[in-house]
Amino acid sequence: FSFVNVGEMSEAEPLLGSHLNGDLPNHDKRSDHNTTDLQTIMHILKANVGTGLLALPQAVMNAGLIAGPLGLVVLGIIASHCMMVLADCSRALCQRHQISTLNYSEAAKVCTEEHFPRLGTVASIVVNIFLCITQFGFCCIYFVFMGTNIQQVFSTAFNISIDCRVWMVIMLAPVILFSWIRNLDTLASFSSIANICIVFSLLVILYEDFYRFTTGSEASKAAVRVVSLPYVTPETLPLFFGTAVYAYEGIGVALPLENKMKTPSHFNRIGWIAMSIVISLYSVFGSLGYLAYGTVLKGSITLNLESNITAMKIFFLLTKLFYSYAIFATYMVQFYVPMDFMEPVLHKCLNLHKLKDRFPTHHSAIKMAAENAFRAVVVMITAVLAVSIPDLGDLIALVGAFASTSLSFIFPPLMEIAVFWSSTDRKCLRVFSKLEWVIKDLLIVLLGAVGFCFGTYAAFYAIVIKFKEGTSSCS
């Protein structure tokens with residue numbers, strides 16, 4: 001999550017499926033889940049407002065002044081629609097099979113088994129793999145974000161020039177220590193402070209955006225930029241797609257949030273309300289950032305915050321520090337999600353369940369040591385990947401195009417076709433014919449597939465080119 005809210009999460013309530021090799025849950029999970037509609041709206045907002053938001057000005061730059069905001073609206077509407085489709089599929093499957101709740105991978109398993117009984121587990125594993133790739137991609141991006149912003153803080157405030165890769169390595173120790181925390185309730189106080197830091201930082205960024213093109217020099221005013229900036233930039237449009245899809249990162253929490261609601265049938269309505277706010281915020285934030293800084297935008301707009309005025313310089317340094325702290329706290333939540341899926345595999349591979357027989361006195365300590373070592377190794381892998389690709393903008397585009405596209409644009413429409421193919425109670429069939437409805441889903445899948453291919457290629461190509469030219473640096 002971007003705005004961190006770990007107080008309501010525990011390791012008994014994973015986003016990933018925990019029933020891959022066993023029966024699906026049929027007990028009542030809703031008994032102690034009483035999230036109101038307003039709380040659910042807030043959770044959806046928290047799940048979507050993160051580092052992707054800070055990269056949107058560069059995304060608009062990659063698309064153009066007209067194509068960028070328009071593309072954010074279109075992709076936002078499609079991503080929101082797919083989120084509601086996923087919720088509809090889950091509710092229909094729960095009703096059809098008398099199951100209380102399903103998460104993303106479980107829903108994929110059940111709907112696949114209805115048509116291909118032997119492939120249900122495969123579908124579940126595929127969804128979980130993409131969820132893991134997405135979460136680990138977020139973790140890599142967080143390392144780059146912390147490293148680049150902390151580098152600027154020390155360079156500006158103390159005239160200490162240390163490469164951002166070194167700062168990523170320095171951050172390894174505290175990140176590893178916090179990754180050993182099992183109960184995320186322990187981080188509740190950290191998350192509350194992180195939320196305040198994010199709100200403060202966003203207000204500072206928006207103020208600076210308005211200031212730059214309203215009271216700045218003649219060359220930087222909005223009227224000049226609107227005329228001089230390109231309206232469409234086709235050559236970098238695939239990079240825009242990856243970043244935009246990455247920004248709409250709430251698909252993974254759709255079902256966990258719906259499962260916790262007092263009235264799950266309200267999810268689609270309040271989901272559209274929340275996503276309308278997100279889409280509006282994204283379009284305004286991306287456009288304002290592009291108008292304010294033009295073609296010199298970096299991977300995160302925080303990296304463009306500079307001033308010769310002492311008071312503003314202090315505010316900008318605090319913004320970078322506060323957001324880095326918030327991302328540090330967010331790392332723990334994102335990291336916890338794939339661990340819930342991977343640690344059972346670790347137990348099976350190392351036969352940790354047999355430790356009690358071999359070491360009756362010290363089996364708990366040995367098990368915890370093995371788990372902590374595994375978590376440390378995984379954190380180090382994300383750090384190594386971050387050090388290898390320190391360009392924040394390219395890394396966000398790569399993660400968004402490769403991992404987030406499948407979860408947000410490809411899997412939900414395919415699941416809708418599978419779940420409602422033989423059904424006559426689908427609400428949209430009252431307006432559209434089944435052929436029109438299937439064509440709609442296939443067009444979304446086609447958009448996702450094209451974005452996946454071209455976006456992944458463009459981001460990977462940009463990374464390779466920078467390596468060859470020796471320009472791969474922290475930005």
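Predicted model: local features only at pLDDT ≥ 70, side-chain atom pairs only at ≥ 80, totals over all residues.
Residues are numbered from 1 along each chain as its sequence is written. Local features need pLDDT of at least 70, side-chain atom pairs count only at pLDDT 80 or more, and totals for chains, interfaces and linings use all residues, while side-chain values use heavy atoms, with hydrogens and water left out.

Helices are DSSP runs (H or I, at least four residues), numbered from the N terminus. Three of them come up below.

| Helix | Residues |
|---|---|
| H2 | 51-63 |
| H15 | 392-420 |

Helix H2 has 13 residues and spans 19 Å from its first C-alpha to its last, close to the 18 Å expected at 1.5 Å a residue; that expected span is 1.5 Å times one less than the number of residues. A kink of about 40° is centred on Pro 57, where the bend is the angle between axes fitted to the seven residues ending there and the seven starting there. In H2, 13 of 13 residues are buried (under 20% relative accessible area, 1.4 Å probe, protein chains only). Gly 64 follows H2 and has a positive phi, near 120°.

Beyond neighbours within four places in sequence, Phe 267 is in contact (heavy atoms within 4.5 Å) with residues including Thr 40, Met 83, Arg 91 and Glu 258.

Asp 394 lies in helix H15. Asp 394 is buried, at 7% relative accessible area. Not counting residues up to four places away in sequence, Asp 394 touches Ala 459, Ala 462, Ile 463 and Lys 466.

Terms used
Helix = DSSP H or I, 4+ residues; strand = E, 2+ residues; numbered from the N terminus. Buried < 20%, exposed > 50% of the residue type's maximum accessible area, 1.4 Å probe, protein only.
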